[in-house]
Amino acid sequence: MKPAQEEIDIEIEKLEELLPDVRQYSIFGDNHHAAVEAQIKVLSEDMTEGEIYDEWEDPDNPDVNRNTLDSALQARRWLDGEAEESLSDDLEPLVTKDEEEKD
């Protein structure tokens, strides 16, 4: 089921709130912050799959930005109602700040 605009706005807020607490890089060098920012852009602009590929795919180097491209496509799937889990819930394992510190 596709999310309503209110749900999209709430998800954008959650992603923006989580972003500072998300681990910046994976052990493979993937930039998680760039990936979350891509998701926010997809949600904010209702980007099409074609626009996503134009923005983040690099045909000369398919390994560059793959994590960011995959995250942007995940956001598109969420907008289309094809994802089971919210984007913000999916980020939880990457959050480095303890819940106690947030209080």
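Student: How many salt bridges does the count come to?
Tutor: Four, taking a salt bridge as a side-chain nitrogen of Lys or Arg within 4 Å of a carboxyl oxygen of Asp or Glu. This is a predicted model, where local features need pLDDT of at least 70, side-chain atom pairs count only at pLDDT 80 or more, and totals for chains, interfaces and linings use all residues. Residues are numbered from 1 along each chain as its sequence is written, and side-chain values use heavy atoms, with hydrogens and water left out.

Student: Which side chain meets Asp46 in a salt bridge?
Tutor: Arg76, at 2.8 Å from N to O. Asp46 sits in the loop between helix 2 and helix 3 while Arg76 is in helix 4, so the pair ties together parts 30 residues apart in sequence. Helices here are DSSP runs (H or I, at least four residues), numbered from the N terminus.

Student: Is Arg76 buried or exposed?
Tutor: Buried, at 12% relative accessibility; buried means under 20% relative accessible area, exposed over 50%, partly exposed in between (1.4 Å probe, protein chains only). Asp46 is partly exposed at 48%.

Student: What else does Arg76 pair with?
Tutor: Asp80, at 2.7 Å from N to O. Shared partners join Asp46, Arg76 and Asp80 into one network.

Student: New topic: which residues of helix 3 meet helix 4?
Tutor: Glu49, Ile52, Tyr53 and Trp56, where contact means heavy atoms within 4.5 Å. On the helix 4 side they meet Thr68, Leu69, Ala72, Leu73 and Arg76.

Definitions and conventions. Helix = DSSP H or I, 4+ residues; strand = E, 2+ residues; numbered from the N terminus.
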